[in-house]
Amino acid sequence: MAQEEWYVLLPQPIEEEALKILKDAGLSVKIAPKPEPAVVAPLIRKARAIILRTGIALTEDLLEQAEDLWIISRTGAGVDNVDLKAATKKGVIVTSSLGVNATTVAEHALSLILALFKQLFLLDGEVRRGNFGIRYKNYPQDVAGKKLGIVGFGRIGQALAKNFYVISGTRVLAYDPFLSEDLKERFCDFVDFVNIEELLRTSDVVSIHVPLNDTTRNMISWKELKLMKPEAYLVNVSRGGVVNEQDLIKALKEKVIRGAGLDVFESEPPAPDNPLLTMDNVILTPHAAALTKECVVRMATEAVRRVLTLLEGYIPDNIANPEVLKMEKWRNLKRRKEGSEVEST
């Protein structure tokens, strides 16, 4: 395959372990010098596959440059930096590493939650300033007995619920209108599934775990923040656009809620004059919830394996635009079954 004209395009470098899999398969690989539209556009023309990180959005204009692109394989779980409609129109399969980062992201969310309850950022700063007497202010809170509300009960939300319940000993609240009754039944021992209003009103901390799309954009705005307890915290490790950032800033300034832990922002990186950067009741991390050493390797290698799966004539996992499979272009793709058996679409 390496001798053919087409290649696998990497708008950004991926981990060596994943790159080795591509090269061992005999595939030609081209890495863009910069993840910028002007640089990537001419390289898309002969790309058969794109392994995509978060540094660039594949817009309709960029996708129009492709002559015979088969697959866009995201290293992460979200596909909000791909124009799905344009990709589908061109017959491009879009896949993601959905679920691969679930445990890692859940750990990050839990870390933010614990740091907020224990006020670690505040105590650390005061000790460094010589204020050892801060210990007598009793700013930290017990986690035992606190109620967690999870908005979006997919793999990450489920992992977080299990971990938090062990610490708090209190039933978890969850809101997700897309869950099956069977899945709800699996978690009924320690999770109550409620509407979002009840969740916001009664939770001591709310953690967001939904994808960013037209339905979820700004789903947490002033109205929703006003429903929360004044002592409650908000944690967001999903996408910045899910929470209206200006409304959140106002809520934090006016003590509508006690604080927040944010791994994501409406604009990344946040502008130097973003008020969040100077607020002492917020913990900020740089969209790094999934970026542990171990997880980035898993995400990249899974993204590569899905490309190989398609090139071998099989349907890859986690297709974000399954309607594309109805096109004549893909009618001979086979579906993997247990063992070596396959069935055609």
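Predicted model: local features only at pLDDT ≥ 70, side-chain atom pairs only at ≥ 80, totals over all residues.

Reader: Thanks! In what order do the five strands of the open sheet run?

Author: In general, strands of a sheet pair through backbone hydrogen bonds, either parallel or antiparallel. Here the order is β2-β1-β3-β4-β5, with parallel pairing. The edge strands β2 (29–31) and β5 (93–95) each pair on one side only. From one strand to the next, the twist averages 20 degrees. As for the terms, strands (E, at least two residues) and helices (H or I, at least four) are DSSP runs numbered from the N terminus, and two strands pair if DSSP finds at least two bridges between them.

Reader: Which residues stand opposite Val8?

Author: Val8 faces Val29 in β2, and its bridge partner in β3 is Ala49. Three bridges join β1 (residues 7–10) to β2, and β1 and β3 also pair in the parallel sense over three bridges.

Reader: What kind of unit do β1, helix α1 and β2 make?

Author: A crossover is called right-handed if, with the strands pointing away from the viewer, the path from the first strand over the helix to the second runs clockwise. Together with helix α1 (residues 16–24), β1 and β2 make a right-handed β-α-β unit.

Reader: Which strands do helices α2 and α12 lie across?

Author: Helix α2 (residues 37–44) lies across β1, β2 and β3 (47–52), at about 170 degrees to β1. Helix α12 (residues 293–311) lies across β3, β4 (71–74) and β5, at about 155 degrees to β4. Contact here means heavy atoms within 4.5 Å; axes are lines fitted to C-alpha atoms, for helices over the stretch in contact, and angles run from 0 to 180 degrees between N-to-C directions.

Reader: Now the seven-strand sheet: which strands stand at its edges, and why is one side of each left without a neighbour?

Author: This open sheet has the order β8-β7-β6-β9-β10-β11-β12, and its pairing is parallel. β8 (191–193) and β12 (282–284) are at the edges with a single partner strand each, so one side of each has no neighbour in the sheet. Its twist averages 15 degrees from one strand to the next. Within the sheet, three bridges join β6 (residues 148–151) to β7 (residues 172–175), and Ile150 has Ala174 in β7 as its bridge partner. Helix α5 (residues 102–118) lies across β6, β9 (205–208), β10 (233–236), β11 (259–262) and β12, running at about 155 degrees to β10.

Reader: How many cavities of 30 Å³ or more does a search find?

Author: Rolling a probe the size of a water molecule over the atoms shows where empty space is left. On a 1 Å grid over the protein atoms alone, a cavity is a set of points where a 1.4 Å probe fits but cannot get out, and lining residues have an atom within 4 Å of a point. The search of the whole structure finds one. The largest cavity has a volume of about 50 Å³, and its lining includes Asn236, Glu245 and Phe265. A volume is the space filled by probe spheres set on the grid points, which are joined across faces, edges and corners.

Reader: Where are the two backbone details?

Author: A cis peptide bond, with omega of about -5 degrees, joins Glu268 and Pro269, and Pro269 is in the loop between β11 and β12. Asn138 is not a glycine, yet it has a positive phi of about 55 degrees; Asn138 lies in the loop between α6 (120–128) and β6.

How values were computed
Residues numbered from 1 in each chain as written. Heavy atoms only, no water. 1 Å grid on protein atoms, 1.4 Å probe; cavity = no way out; pocket = protein on both sides within 12 Å on 5 of 7 lines; lining within 4 Å.
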